Amino acid sequence: MPDSELHIADDDLDLYLMGRLPAPLNSIVKAHIESCHYCAIRAVEQARVLWRMRESLGGADG
Ligand SMILES: [Zn+2]
């Protein structure tokens with residue numbers, strides 16, 4: 001059974017963390033992260049990756 005259908009897709013997680021997810025999906029992802037420990041950890045890890053990417057880009061739009 002594919003776990004991916006039960007959890008948030010990597011792409012959606014990225015968009016959520018960047019604040020670029022459309023409102024309806026954003027609510028779904030937010031609710032899922034708040035109730036799913038697995039995705040909450042993924043979100044923290046991914047936020048760290050995105051933050052480092054921004055750092056290496058110089059944070060032009062801080
Ligand atoms: Zn999940």
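Colleague: Why is Met-18 called exposed?

Modeller: Count its neighbours: Met-18 has 12 C-beta neighbours inside 10 Å. The label exposed goes to residues with 12 or fewer, so Met-18 counts as exposed. By the way, this is a predicted model, so keep that in mind as we go.

Colleague: Where does Met-18 lie?

Modeller: Met-18 sits in the loop between α1 and α2. Its C-alpha atom is separated by 8.6 Å from that of Ala-47, and those two are 29 residues apart along the chain.

Colleague: And what makes Cys-36 partly exposed?

Modeller: Cys-36 has 15 C-beta neighbours inside 10 Å. You'll find Cys-36 in the loop between α2 and α3. Its C-alpha atom and that of His-7, 29 residues apart along the chain, are separated by 8.4 Å.

Colleague: How do you know what Ile-33 touches?

Modeller: The test for a contact is C-beta atoms within 7 Å. Leaving out residues up to four places away in sequence, Ile-33 touches Cys-39, Ala-40 and Ala-43.

Colleague: What makes the pattern of this chain α-α-α?

Modeller: The chain has three helices and zero strands, and reading along the sequence gives you α-α-α.

Colleague: How do α1 and α3 pack?

Modeller: They pack at an angle of about 65°, with their axes 10 Å apart. The α1 side of the contact is Leu-13, Asp-14 and Leu-17, while α3 brings Arg-42, Ala-43, Gln-46, Ala-47 and Leu-50. Sort the residues of this contact by type and you get five nonpolar, one polar and two charged. The crossing of α1 and α3 is right-handed.

Colleague: Last one: how confident is the predictor in this chain?

Modeller: The chain averages a pLDDT of 88, and 85% of the residues score at least 70. Helix α2 (residues 23-35) has the highest confidence, at 96, and helix α3 (residues 37-57) the lowest, at a mean of 94.

Notes: Residues are numbered from 1 along each chain as its sequence is written. This is a predicted model: local features need pLDDT of at least 70, side-chain atom pairs count only at pLDDT 80 or more; totals for chains, interfaces and linings use all residues. Helices (H or I, at least four residues) and strands (E, at least two) are DSSP runs, numbered from the N terminus. pLDDT is the predictor's confidence in each residue, from 0 to 100. Two residues are in contact if their C-beta atoms, placed from the backbone, lie within 7 Å. Axes are lines fitted to C-alpha atoms, for helices over the stretch in contact, and angles run from 0 to 180 degrees between N-to-C directions. A crossing is left-handed if the near helix is turned anticlockwise from the far one by less than a right angle, and right-handed if clockwise. Ala, Val, Leu, Ile, Met, Phe, Trp, Tyr, Cys and Pro count as nonpolar, Asp, Glu, Lys and Arg as charged, and the others, Gly among them, as polar. A residue is buried if 20 or more other C-beta atoms lie within 10 Å of its own, exposed if 12 or fewer, and partly exposed in between; C-beta atoms are placed from the backbone.
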